[in-house]
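Subject: Structure for you to look at

Hello,

Here is the structure I said I would pass on. Please open it first, then read the notes below it.

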Amino acid sequence: MSAAKRILFVGEEQPLWEEFRLVSPGPEGSWEAEYAHNEPEAVGWIEQGPFTAVVADVHLSDTGGLDVLDEVMRRQPRALRIVLSDPDDTESTIKCVGKGHHHLMKSCDIATLLHALQLAIAMESWLPSAAVQGLISRMRWTPS
C-alpha cells in the first residue's frame, strides 16, 4: 500500500472541494487534502511539508492565485500545479501560461480533476531521475 498523496486546494469553497471530500480516499489511492482560502493560509500549509499537487483558483480574495503558484514553484518545485479559472476570463487565462502544469476550467468535475492528477503522476514514472523531475517542474515553458 502506498503512502497518502497530499493535495492543497486554494481559493473559495466550491463544489469541487466537496466532491473531493466525498471520493477520497478512493480506488486511485488515498489522498490527504488541505484547504486554504487565501495566500497566507496556503503558504502556511506549504511550509508544513511537501504536497503532491496544489489546485489554485486564479482569483483569491486577498491576492491572485497565480502568486500562490509562483510560491509553490519556488518552495516545492516537484508539486504538480493545477490552475482553475473561469472560461469567460480570457485575461487571467492568458496569465496562467507557464504557472501550472494543468489548466482546468471552473466548474470542472471531480472526474476531470482526478484524471489530470492520475495523468501527471503516471508521467512522473517516465522521467529518468529526481534531478530531471525537479528541473522540468520549475520550467515555465518546455522547449519544442
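Ser107 is exposed, because its relative accessibility is 70%; exposed means over 50% relative accessible area, buried under 20%, and partly exposed in between (1.4 Å probe, protein chains only). Ser107 sits in the loop between β5 (102-105) and α5 (110-124). Helices (H or I, at least four residues) and strands (E, at least two) are DSSP runs, numbered from the N terminus. From Ser107 to Pro87 is 9.1 Å in space, C-alpha to C-alpha, and 20 residues in sequence.

Before going on: this is a predicted model, in which local features need pLDDT of at least 70 and side-chain atom pairs count only at pLDDT 80 or more, while totals for chains, interfaces and linings use all residues. Residues are numbered from 1 along each chain as its sequence is written, and side-chain values use heavy atoms, with hydrogens and water left out.

Next, the interior. In soluble globular proteins, nonpolar side chains tend to be buried together. A nonpolar core here is a set of buried Ala, Val, Leu, Ile, Met, Phe, Trp, Tyr and Cys residues joined through side-chain atoms within 4.5 Å. The largest one has 20 residues, and those touching the most other members are Ile7, Phe9, Phe20, Ile82, Leu113 and Leu117. At least two residues of this core come from each of β1 (5-10), α1 (15-23), β2 (31-36), β3 (53-57), β4 (80-85) and α5. The largest share, 6 residues, is supplied by α5. If neighbours within four places in sequence are set aside, Leu117 is in contact (heavy atoms within 4.5 Å) with Ile7, Phe20, Trp31, Ala53, Leu80 and Ile82. Another core, of 15 residues, lies apart from it and includes Leu8, Leu66, Val68 and Val72.

Now the rings. Rings of Phe, Tyr and Trp (its six-membered ring) pair if their centres lie within 6.5 Å; planes under 30 degrees apart are stacked, over 60 edge-to-face, and the rest tilted. The whole structure has 5 aromatic pairs. Phe9 and Tyr35 are stacked, at 5.4 Å centre to centre and 10° between the planes. This pair links distant parts of the chain, with Phe9 in strand β1 and Tyr35 in strand β2, 26 residues apart. Phe9 counts as buried because its relative accessibility is 0%. Phe20 and Trp31 are edge-to-face, because their ring centres are 6.2 Å apart and their planes are at 75°. Ring pairs join Phe9, Trp17, Phe20, Trp31 and Tyr35 into a cluster.

A charge sits over a ring if NZ of Lys or CZ of Arg is within 6 Å of the ring centre and within 35 degrees of the ring normal. Lys5 lies over the face of Trp31, 5.3 Å from the ring centre, and the charged end of Arg21 is over the ring of Tyr35, 4.3 Å from its centre.

Last, the salt bridges (a side-chain nitrogen of Lys or Arg within 4 Å of a carboxyl oxygen of Asp or Glu). The count is 6. Glu32 in strand β2 and Arg6 in strand β1 are 26 residues apart, and the closest N and O atoms of their bridge are 3.4 Å apart. Asp57 and Lys106 meet in another, at 3.0 Å, N to O. Asp57 is in strand β3 and Lys106 in the loop between β5 and α5, so the pair ties together parts 49 residues apart in sequence.

Regards
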